[in-house]
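Welcome! Here are some exercises with worked solutions, to be done with the sequence and the structure side by side.

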Amino acid sequence: MAKTNPGRFFEDYSIGQVLEHAVPRTVSGGERALYHALYPARHALYSSDQFAQSCGLPASPIDDLAAFHVIFGKTVPDVSLNAVANLGYAEGRWLKPVYPGDTLRSVSEVIGLKENSNGKTGVVYVRTRGLNQRDETVMEYVRWVMVRKNDPAAPAPETVLPDLKKTLSVGDLTIPEGLDFSGYDFTLAGEPHRWSDYAIGEKIDHVDGVTIEEAEHMLATRLWQNTAKVHFDLTFRPEGRLIYGGHIISMARALSFNGLANAQMIVGLNSGAHANPCFAGLTVKAWSEVLDKAETAAPGVGAIRLRLVATKGGDPFTLKSEDGKYDGNVLLDLDYWALMPM
Amino acid sequence: MAKTNPGRFFEDYSIGQVLEHAVPRTVSGGERALYHALYPARHALYSSDQFAQSCGLPASPIDDLAAFHVIFGKTVPDVSLNAVANLGYAEGRWLKPVYPGDTLRSVSEVIGLKENSNGKTGVVYVRTRGLNQRDETVMEYVRWVMVRKNDPAAPAPETVLPDLKKTLSVGDLTIPEGLDFSGYDFTLAGEPHRWSDYAIGEKIDHVDGVTIEEAEHMLATRLWQNTAKVHFDLTFRPEGRLIYGGHIISMARALSFNGLANAQMIVGLNSGAHANPCFAGLTVKAWSEVLDKAETAAPGVGAIRLRLVATKGGDPFTLKSEDGKYDGNVLLDLDYWALMPM
Amino acid sequence: MAKTNPGRFFEDYSIGQVLEHAVPRTVSGGERALYHALYPARHALYSSDQFAQSCGLPASPIDDLAAFHVIFGKTVPDVSLNAVANLGYAEGRWLKPVYPGDTLRSVSEVIGLKENSNGKTGVVYVRTRGLNQRDETVMEYVRWVMVRKNDPAAPAPETVLPDLKKTLSVGDLTIPEGLDFSGYDFTLAGEPHRWSDYAIGEKIDHVDGVTIEEAEHMLATRLWQNTAKVHFDLTFRPEGRLIYGGHIISMARALSFNGLANAQMIVGLNSGAHANPCFAGLTVKAWSEVLDKAETAAPGVGAIRLRLVATKGGDPFTLKSEDGKYDGNVLLDLDYWALMPM
């Protein structure tokens, strides 16, 4: 009856269901400039056409996380409008860089369902693909969310839990066509540290911090056409507008330039947890840990697996307490693969 | 003597006077991205080049209201710098979509004058046209404002009240050349409701809300090169910076996506009232009422006349009290024609 | 050991040292739109491609100050990360307009060093050049900053003070190739005042004010990839985030449109002082003084030397007290050359 979108409830999902998300988006230099205004992003490959060309690409792409945010934003009206919590990510793969002029849309498939024992909520797993105007998949990822039931009496579906990789191996990653770091300019990139300079287990405190403002996180979240009410309506949550978790991901990744300036391209997302909610006024800092390293077939291109942790204070390198719970200052724990000159 | 612009006072206007407004503006993907960062705008035709092309247009235009704001902004230094109040709009018609790369300028003609009985102010009616770089009129509208007299002793002009249509008829509207909704993709547009699903008299609560921030309304108002001091200078008005009425128009229109996702293109503005002032910190919501419907000659394209009401709280569908005054929560009452797939 | 950039300390600089700054930047219509959203910029040559073409340029350039900010921002990690104060500018020259699609990078040479008598800090003078993708210098300027020593025991370098022009003469200025103001459209530019209407010694109160917001100055400062911590991290300075001095320069220059709408292009920067720090919540106003005038060889193009003063209150035209110190309300004292139709 009502013409507004009530969002889907847990009982509205079924295994194999395909959700074609609405509102495709053509990106331009405007999205790119805004990304650099919203985050202290300085990775040279995403800042300069000439630098990107010297690495074998046709031009400087839109930031990999901006592409992720656009693709993610389209899924919100169909996947998480009635979500209680965003539980996790897995098997995220960037398959093609996105350039100004490209148009992105998203399609999700329901790959897992499990009703919670309280009978009021359930967990929905979707695999989302972002496609460009040539119907090429530019990235894909799995996300699972806890969603409310509308009718508590609705029968529980058969539990299906997808078999997800805990971590992508380097063979699961796609190196952008033509990428070549053999003539990489470390001076223009901003740091001398190459792939071989990083050791597994090494931790880096990225030092810098940014205090979050209401206007900024809303500009970002709207730019990605993410419609989740909790980010915009101050009357909705008495403790303040909840900041879109992706804002923290982008902020932390941009802050990680200081120490990881050569971790240029993000190609894999192994897992991610929004450990604690973030509100305006908090100052976000970040630290990283090198989790793994691997060679690739592309000239001069190494892969590095990184844990990226965003905090709202406290000492760097603090992650979990002895009981395995995230420290109260941890906002984000992200596990991703990036490409770095060897 | 002073080189700064004092603005025009009531006695400076005369019937038939033509005001060629300054500072033409070339728009790009930057304006488009900012529009989507400032408002939760999701109408697919303004988001995706491919979607616009599937509707017969060469590319995705700049939002119709962004075009309006640019054209309006240019008139402020000549029309409303000394305005006491923005009283109304009429006969607004969008004639050609505006695309990135177009350059807009504005020209107004004084079509009405009436001194108020207090002898201190008067009402000025102007018809403003926005022109592109090919001197084609892309939109036009009538606006009337109350303007201060500089010299209270200046003689009152002969009263001339323009004969304005209360409402544009469908024959007054211009359908963009080539527009064709016969292959319209409702899935990508985001809602299944077509022209025939809306009934005259139907009311829609758009549900979502956005809490207004100082930085955002100033970014928007500056982007349109609107120079009205009250929007920027906190020392000017003790109760806070007055938010540009156009910011509320765009916010409400964007919120109306939820229930009116297929009211794609705005082609007519029948009337508009900024019922109450808006300040930062308020949460804006919106509701709509279907006022009329009409068929058009373009394939698959219907016209729908909508009342769009922005509020800062209270129950939806409340508009005026019994004495005919706007409810204290109503910020905007706008009457416009949009195009929708049949 | 640590991979993060500690910045250079005073003892790390030597005369003749060349610093190739990192992270080149391709600018687009996005930077241009953001500039107009962040500042009330209305100079027609930077707003309209057609207006710029009528002045002999191929298109509307990116604002001269935006080009300056991009070039300046790249120097921060190498020059001023450990700066105690930004002391001055000299010999700033804009040599080529910057257009969307251009890629900028920066190179600095150390041209002066002087340790302070306290042995803890010293003054570093650098001449910075901004280059485009064709390795053409688009602008250059000298800046000197006070920088901390890391090791107080480090020996003082030989004092070298560069011989800097107090003021550029008109012969030092470069007029953009093709610039021709002989067919200048004063109506579209917004004011009738031409070069001959301005008298040396004339002062102009630009009247308008803008109250500064946290989100806005951070968006601007990040957009220029300026990494100075004091602008972003509220925990860093208890009294509030210090606003990037360049934000005040751009704000004051944009406000100066009202009275100097025809001072179109900035071609020389003689000197500049950030007289007092600025924080969010302050309302910035501006006034100008005509310091000099000169003819140029370009058709219809005059040069005008202006003092631009930004204030946070007080009476206009107040600059220094009797003891030669800046008045507490003065934020900026800038001395520059602009080009104006004769």
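**Exercise 1. List the buried residues of α6(C).**

Step 1: the residues that are buried in α6(C) are C:Gly245, C:Gly246, C:His247, C:Ile248, C:Ile249, C:Ser250, C:Met251, C:Ala252, C:Arg253, C:Ala254 and C:Leu255. Buried means under 20% relative accessible area, exposed means over 50%, and partly exposed lies in between, using a 1.4 Å probe and protein chains only.

Step 2: Helices here are DSSP runs of H or I with at least four residues, strands are runs of E with at least two, and both are numbered from the N terminus.

A note before going on: this is a predicted model, in which local features need pLDDT of at least 70 and side-chain atom pairs count only at pLDDT 80 or more, while totals for chains, interfaces and linings use all residues. Residues are numbered from 1 along each chain as its sequence is written, chains are lettered from A and ligands numbered from 1 in the order in which they are written, and side-chain values use heavy atoms, with hydrogens and water left out.

**Exercise 2. Describe chain A as a whole.**

Step 1: count the elements. Chain A has seven helices and 12 strands.

Step 2: look at the overall dimensions. Along the principal axes, the C-alpha atoms of chain A fill a box of roughly 60 × 45 × 40 Å. A compact globule of 342 residues would have a radius of gyration near 20 Å, and chain A agrees because its own value is 20 Å. The radius is taken over C-alpha atoms, and the globule rule is 2.2 Å times the number of residues to the power 0.38.

Step 3: look inside. In chain A, 64% of the 342 residues count as buried. Among contacts with a separation of 6 or more, 78% join residues 24 or more positions apart; contact means heavy atoms within 4.5 Å.

**Exercise 3. Is A:Ala338 buried or exposed?**

Step 1: find A:Ala338 in strand β12, residues 330-341 of chain A.

Step 2: read its accessibility. A:Ala338 has 0% relative accessibility, so it counts as buried.

Step 3: name its partners. Beyond its neighbours within four places in sequence, A:Ala338 touches A:Ala263, A:Met265, A:Ile266, A:Gly302, A:Ala303, A:Ile304 and A:Leu306.

**Exercise 4. How do α1(A) and α5(A) pack?**

Step 1: recall the description. Two packed helices are described by the angle between their axes and the distance between the axes.

Step 2: apply it. The axes of α1(A) (residues 29-38) and α5(A) (residues 214-223) come within 11 Å and cross at roughly 150 degrees. Axes are lines fitted to C-alpha atoms, for helices over the stretch in contact, and angles run from 0 to 180 degrees between N-to-C directions.

Step 3: name the arrangement. α1(A) and α5(A) are therefore roughly antiparallel. Angles under 35 degrees count as roughly parallel, over 145 as roughly antiparallel, 65 to 115 as roughly perpendicular, and the rest as oblique.

Step 4: The crossing of α1(A) past α5(A) is left-handed: the near helix is turned anticlockwise from the far one by less than a right angle, whereas clockwise would be right-handed.

Step 5: find the residues. A:Glu31, A:Leu34 and A:Leu38 of α1(A) meet A:Glu216, A:Leu219, A:Ala220 and A:Leu223 of α5(A). By class, this contact has five nonpolar, no polar and two charged residues. Ala, Val, Leu, Ile, Met, Phe, Trp, Tyr, Cys and Pro count as nonpolar, Asp, Glu, Lys and Arg as charged, and the others, Gly among them, as polar.

**Exercise 5. At what angle do α1(B) and α1(C) pack?**

Step 1: these helices, each residues 29-38 of its chain, pack at about 60 degrees with axes 7 Å apart. That makes α1(B) oblique to α1(C), and the crossing is right-handed.

Step 2: B:Gly30, B:Glu31 and B:Leu34 of α1(B) contact C:Gly29, C:Gly30, C:Ala33, C:Leu34 and C:Ala37 of α1(C). Four of the contact residues are nonpolar, three polar and one charged.

**Exercise 6. Where is B:Glu91 found?**

Step 1: B:Glu91 is in strand β3, residues 83-94 of chain B.

Step 2: its phi is near 50 degrees, a positive value in a residue other than glycine. With a relative accessible area of 11%, B:Glu91 is buried.
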